[in-house]
Every structure is written in structure tokens, then in C-alpha cells.
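I opened this entry to keep track of what I looked up, one item at a time. The notes follow the order in which I went through the model.

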Amino acid sequence: MFLVSSFAALCSLSTLLGAVEAQNSSLLSSTTEPPRNSVVSSSLSPLPSEFSSLSTEPSSTSPGSSLTSFPASSASLGPPVATSGFSRIGNVLKPTITSYTFDPLPTPSESSIPKNFPETYPHDPPPVGDSVIPNFGPAWAAAYSKAREKIQSLTLEEKVNITTGVGWMNGPCVGNTPPVGDFPGLCLGDSPLGVRFADYVTAFPAGINTAATWNRKLMRERGKAMGSEFVGKGVNIALGPAMNMGRLAQGGRIWESFGGDPFLAGETAYETILGLQKSGVQACAKHWINNEQEHARQQSTSQVDDRTQHEIYAHPFLRSVMAGVAAIMCSYNLINDTYACENDKLMNGVLKREFGFQGQILSDWSATESTISAITGLDMTMPGDIQFDSGDSFFGGNLTAYVNNGTIPEARVDDMAIRILAGWYFLGQDSGYPETNFNSWFPLDDTKNKHLDVRDDHWKVVREIATASIVLLKNTGDALPLNKPRKIAVIGSDAAPPTRGPNGFADRGGSDGILAMGWGSGTTDFTYLISPIEAIQARAGRDGTAINWYFDDFNLGDAQNVARGTDAAIVFIKSDSGEEYLTVDGNVGDRKNLTAWANGDNLVNAVASVHKNTIIVVNSVGPLNVEPWIDNPNVTAVLWAGLGGSEAGNGIKDVLYGDYNPSGRLPYTIARNNTDYPAHLVLDSWTPNHPIVIPYTEGLLIDYRWFDAKQIIPRFEFGFGLSYTTFEYSNLGIEKLRYSQQFAEEAVWESGETPSTNATGASRAIWLHRPAYRVTFDVQNVGDVAGAETPQLYLEFPAPSGEPPQTLKGFTNVALGPGETQQAEITISKYDLSYWDVVGQGWKKPDGEIGVRISQSSRKVRLRGSI
Ligand code: BGC
């Protein structure tokens, strides 16, 4: 219940904004029929008590209003699609209440082009690594036609009910919509790493670890396994994956997403969604968009230019749409002064028109700001009430009234209901889908919970990712792998089982023992949790190794005593973060700093001062400042283990002992100085209608792009990771691919002009995304143990294009036995070879030669060529 009260406090701004709208809605016809569920059936929103303080503020429709009207195009990134005006309230641009026309976007009709663009249904995605682009057009068209048919017989109130959640905790799931006729309604459930608030489920490794594998097969398998658990529990929409960029090292939710590069994040999102939806659950890509810090997440405006938005932050969402994602969640924050869930340019303009997204946009929890959001592109409000438990809704009765008085066309409500129902049909959830069989709020009530065990053998993929995501950062004198040491010491509370048990803190909002997940809504309960000490001790027993341990992070003298006389002292440290409704050790979601928690740096240095073979294992949500000890010659090896889920300890053990040759690569840069990072938390304070301003002044230069452009030497660069073997590269070949079928846009693009993106879905057109070049090269394992390599392809654009010095545009995996050589292949598309032309509003070919680098990390170039 703490969730409710803390959340309610956060919603005060939307209450005030809601009050303004509620006042307007009271001018409307109140003849609305009382609809059917508790939220919807409340009549028009009563004015919250705070309203009295606003009583001098005129309504935006009253004559002589002192609110400034702005031309629509100043609202956000470009011209809006459907709205006709905006007003400024304080510093917030709000869509005005007037009457709107609605122009349904045409459903992109994509014909099948054999080989590259086959007709695809969610249950049968293309195999991993195939360079085909799935064409979900026919599957969407079939789903749309069923959805259209379904709404024929529905009343306006019934259609509105499809779009309106039943209110916070008024159903078994985190979000619920009511049944309408024979449509059973929807259950929406967290999280991006497994089923939250349920028993007998798997705690998968976090998103950031999934990205750190750089392995599409594992990304897909994790998605598929998670998907089957959501389906087994009867969740219709899984609230993940999360794909905000790791813009800020200290950003509280950095671990839920896929790191600091849009390409890597895009591939991880793509594979995760194909996996989730293959199992039958609707995936929900979140949070659209620029929700990069927790502080003031509902009262901050991210100021982002159009090119940066397209090339960096929107890209993972574009890949999600290409994967056929059924839902997208709009975020809490404002973008360029307009709330995400009210942002016409970003929802209608970019997602629905430019990307041709045919599913639904749902709000983050209490992120809906007005009824007019329906016009700016929002399709569903979650959890339904304006504030948790407020008993009213911006949709529900208000939406019905807005239709009845002519403000919002009924055709738009039809479109909302169709999009929501289409997602349900698209995944085949209309036939034989399991009923929700758990209750998020009453886990012990056997009348509400069937306690189904949905875990299957998913521990295997957890183990594989927990292992394959570990990045070996340092290894001097072959400190690792351990080879039957006689005696070892394991030091630090992060090696231990949590003293309060794995679920000792609600939503993992505490720090205790091995860190295997951050905190907040992006979590699950653990059904088990293998700590490092358990895994290592079992292995030590087999090897006849004597093992001792010490888990008090603050008693440095005793820690040193335990380390003395052993062959290796393995020190575990950590750093945690999460969502802002929980504060842990003074960290209100975002991390206060980038130093290790629990005296970690002192612990490392104390042990290293007495032991020549100190091995460090780090469980961290994101980058950490490792300068206090990284150059210490007694620190011989460093494993970067992230958040491994239930099998965290086993993964670490596998890599320590060389049972798995490390193949993880950093999904972000680790800097030498905190001030080296391109962007930092903005911790200003806000007042209602005066959100804090977060300027994205670094533009395209996030993560390694900044370090490259500014010539700052990082401690460990993006893409970095060592192995127990060595790889060599040779024989670069670049081949232009030719197709018999040419598209008109291709000639325009080749000529250096910008092909128009006016057509719906233009940014994911087949001509833009099908492979344009095939890049091949040989990789040889020249060491004496088997290992997997992750070749990375970076492009160097010609300077006049204004691109960063290099950008990641491809990667692959090659598993090689000792001495073995394999040819690797990466394809690149015209989209990969383009930049976003702000003036032409399209993807443009740069003028000049493009360099191609095949690298082992963003700084270890192995082969060079050009296009
Ligand atoms: C989070 C979402 C989450 C939702 C429902 C919000 O606070 O931002 O990511 O899905 O709550 O729990």
C-alpha cells in the first residue's frame, strides 16, 4: 500500500492539470449514460479540493482567456497531425479543448516480397539472425478486420470502456480493463524481466545483462521464456521490454533497459519482442520517450532535437514496431514542454504515422493528463483513474461526454477500441487464452490464486544469460580462470545469500546480499536465488579447495585476516538503483553517486593491501567509478556481473572457473571521472506547471560517441570485454547487394535527395531496411581454449553529415574451438547508412565515403574498409 500513498503524492501535478480540464468538462453535456465499471460510471470528474487555489485561472475555452495560444507547430518536434491548437499553462504546452476532426491513418498495406519481406505472424517469427524483415502487415490487417467487426455492435460507452482501466487495484493485475460483451477485458502486468506480483515464476536476468550478451539467440530465448510465463498466468499485455537509453549513468532505471547505444538497444528490443509475442503475450515497448531520470519524472521536460530523437531515442521503438509490438507505453515526463501522453507529434506523428504503428498506445500509470489525449494519440488510460483510487478518469465518462458534445469524433474512439482489440486478435488471444489465475494484491488468498507453476526449465536460459552477460574487465597474469586453488577467501556481503531472504524487501527496495535485480516495478519475486558463496563453495568442494568467507563490509581488519594465506581473495561489491517511489539508503531511484555501496571501495583496497591476488566481482546496475582500485597491481582480475537474476551466483562461478569463457561486452562506457560523462542528473525543484528543464545538449553524442568526439579516454569503453582466449581478424570483404525489384525511393536516396516520409510507415519501409551491403570477414581463435567472440561493426560517416565519429551498426557472435577459423557476416541497410534530415524530414544518404570498421570494442579496431 505504500505504493499508493507515495504515488498519490506524485500525482499532484496531474491533479491540478486535471482540475483545469475537469472544469472545462463540467461545461459539457452531462447527459452521459452511466457506464458499467466503477471508474467509468462516475459522472464527470468532481473538482478536486486543490481546485479552489486555481479558481482564478480561466478555462482554456472561455472567451478572453489570458492563456496564450500557440501555433500547433511549436508544440513539439514538428507539425502535429490531428490537433488544432495548444495553450500554455505555466511552462507546459497543453492541447486546447476545441473540436477536432479525426483522420484515421491508413493501415499500411505491405505486399509480400519473397525472401526479404515474408508475410509473418507473431507465433512464427523469422529465425534468429536471418536478415529478413518480418512483414506483419497481413497479420495486422486480419486483426483489424476482426476488431472492426467486433465494435460494430458496441455502444459508445462500451467502446470507451475498452479504452479505460478499471482503476488502481480494482482488478487482479497491475492494470485491468473491464469485460465488454464477450470480450473478457485485459490483464496488464509488469515487468520487463518476468511476471511481477506472482508466485512460481522465474526471475530472469535484467535487461542490461541481456544487452551485455550481445547475443540475439539468448535475447530471443529469454523473451520467449518470459512470454510463456505471462501467458501461463493469464496476463494479456506484458509491460516490457523497457528501452529508454542509458543517457545517465546515475539514472535509476538504467538496468531495466539495454544500455547506451540505440543499435544494441534496438536489436535487444527486437529479439525480446519477437520472443515474447511468439509465446502469445502482447509486448509493450516502454517508456515513450526520453524518460531518462527518476527525479521529477512527472515534472520534468526533456528538451530533445528532432534528429537526436530520431537517431537515438526513437530507434529502439522503431525496431519494436518492426517486430510487430502490440502496445507502446507513453512515459511520465514532458518532451519539449508537452507531456508524453499528450504529445501529438510523438504519438500520432512519429509512432502512428511515420513508423506505421498499428497497435495501441497506453499511458504509464497515472501519466494521462487530459481527455484530449485521446486526440493526440493515446488509446488507453492506465490504471484508469486520474490518480490512484481517485474514482474518476480522464477517459470513461469524460471521454463519452467529449464525444457527445462534439469535441472528439466518435470515429477516434472507434480507432482506439479497434487498436486495442486488434492487439488481442493479433496475438490470437481471442481463442483459448488462459484466464488470469493470480491476484497481484492478495497473493495468499486461495480463492484468487491458482498458484500455477509456469517456470518450466527456464532456469536454463537464466543461467546461460547470467553467465554470458558477465564482462571480464581485467585479467593480469592469468589470475583467472581459477585452477583448483588450494585455498580461497570470498569476501563482501554481495557474495552472500540475503539475510532477509531473496524477497525480504517489497519490490526489491533494499540492499541485502547478492544483488541480482534493481528495485521498483521492473522486478519479480524470486522463487530461489543462488548466491555466489553457494555456487563457489559447491565447486570448491569438488576441487578439494579450502574455502573461507567474510560478509561484513565494514570490518576491514577481519576481512584482511580472512584473505591472508589464501591463493585468491575474491571480493564482491555492488551498486543498486531503481524506481523513485522507493528510496534505498538515500537513493531516490537514481543513484546519488557512482561509488560502490556498502564501503565497497575501502573493502577492495583493504584486501588488496594484504593480498597479491585480489579478484573483484562487481554487481552493479550500471557504470561505477572503479578508479579507487582499478590500477592497484594487487587487483588482478575484475568481473562485471550486472544483475543475473536467480542464477546470479552460478553465472559468476562459471566464469571464475572457466567453465564458461567470458563473452559479455559492456553495453555502456565506464568513465575515469564522473564529469567525463556527456550528461548528468538534473536535480532542480519544480512547482506545478513549472517542470524542471532537462536539455539534451549532448545531442547525438551519448555514451561512447561523446568520448570519441571529445577525445576523452574512458576507463573501459563501450563494447569492451576480455576472453580467456585470443581472436584474430582477416579478409574483410564488402559486397553491394542487388535486387531485381527496385523502389522509387531508392533512386531518390542514391541521388542524395531525401525520400519523403509522408507515407504511413515510411521509416520502416522495406527499401530502407533490407540488406544493402554484405560485410564478411574471418575470425580465428588463436588461443588454446574454446571461446565466443562478438565482432562489432561501426560506421564512420563523412564529417559534413554531422554524425559522431563512429556509430555501431552491426554485431554478430562467433563460437570457435582452439585454432578454428570461421567466416562471419554482417549486413547493413540503407537505413544504417543514413542520417535523419531535419529539413527534408527523412532518411538521407551522406555525401562522401563511409568508413567501415570491424572492431572488438568501440576502441579496438581490427579491420577497416569503406563504402
Ligand atoms: C512504471 C511502469 C510500470 C507501471 C505499472 C510505473 O510506475 O513506470 O514501468 O509498468 O508503473 O506498474
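**Overall make-up**

I began with the secondary structure, and the protein chain has 22 helices and 30 strands. I note at the outset that this is a predicted model. I then looked up burial for the chain: of its 867 residues, 67% count as buried. For contacts with a separation of 6 or more, I found that 77% are between residues 24 or more positions apart. The protein chain exposes about 27,800 Å², and 50% of that comes from carbon and sulfur atoms.

**Ligand site**

I turned to the ligand and listed its surroundings. It is surrounded by 15 residues, and the closest are Asp190, Arg253, His287, Asp364 and Glu579. I sorted the shell by residue class and got 6 nonpolar, 2 polar and 7 charged residues.

Next I went through polar distances to the ligand. The side chain of His287 has an N or O atom 2.7 Å from an oxygen atom of the ligand. For Glu579, a side-chain N or O atom is likewise 2.7 Å from a ligand oxygen atom. Arg297 has a polar side-chain atom 3.4 Å from an oxygen atom of the ligand.

I picked strand β17, residues 614–620, and checked its cover. In β17, 7 of 7 residues are buried. I wanted to know which residues lie on each face of β17. Thr614, Ile616, Val618 and Ser620 are on one side, Ile615, Val617 and Asn619 are on the other, and all are buried, so both faces are covered.

I then looked for a partner of β17. Strand β16, residues 568–575, runs parallel to β17 and is joined to it by 7 bridges. Within this pair I noted that Ala569 stands opposite Thr614.

**A four-strand sheet**

I traced an open sheet of 4 strands in the order β11-β10-β8-β19, and its pairing is mixed. Which strands stand at the edges? They are β11 (338–339) and β19 (692–695); each has a single partner strand, so one side of each lacks a neighbour in the sheet. I looked at one pairing in detail: β10, residues 334–335, pairs with β11 in the antiparallel sense over 2 bridges. There, Leu334 stands opposite Tyr339 in β11.

From β19 I followed the chain onward. Gly699 lies in the loop between β19 and α20 (704–709). Is Gly699 buried or exposed? I read a relative accessibility of 9%, so Gly699 counts as buried, the cut-off being under 20%.

I asked what Gly699 touches, leaving out residues up to four places away in sequence, and found Asp305 and Thr308. I also compared Gly699 with Pro804: they are 105 residues apart in sequence, and their C-alpha atoms are 9.9 Å apart in space.

**Helix α13**

My last item was helix α13, residues 396–404. This helix is mostly covered, with 8 of its 9 residues buried. I wrote down the buried ones: Gly396, Gly397, Asn398, Leu399, Thr400, Ala401, Tyr402 and Val403. Gly406 follows α13, and I noted its positive phi, near 85°.

Definitions and conventions
Residues are numbered from 1 along each chain as its sequence is written. This is a predicted model: local features need pLDDT of at least 70, side-chain atom pairs count only at pLDDT 80 or more; totals for chains, interfaces and linings use all residues. Side-chain values use heavy atoms; hydrogens and water are left out. Buried means under 20% relative accessible area, exposed over 50%, partly exposed in between (1.4 Å probe, protein chains only). Contact means heavy atoms within 4.5 Å. Accessible areas come from the Shrake-Rupley method with a 1.4 Å probe; for residues, only the protein chains shown count as cover. Two strands pair if DSSP finds at least two bridges between them. A residue is near a molecule or strand if one of its heavy atoms lies within 4 Å of it. A polar contact is a pair of N or O atoms within 3.5 Å; within protein, one must be able to donate a hydrogen and the other to accept it, and residues adjacent in sequence count only if both atoms are side-chain atoms. Ala, Val, Leu, Ile, Met, Phe, Trp, Tyr, Cys and Pro count as nonpolar, Asp, Glu, Lys and Arg as charged, and the others, Gly among them, as polar.
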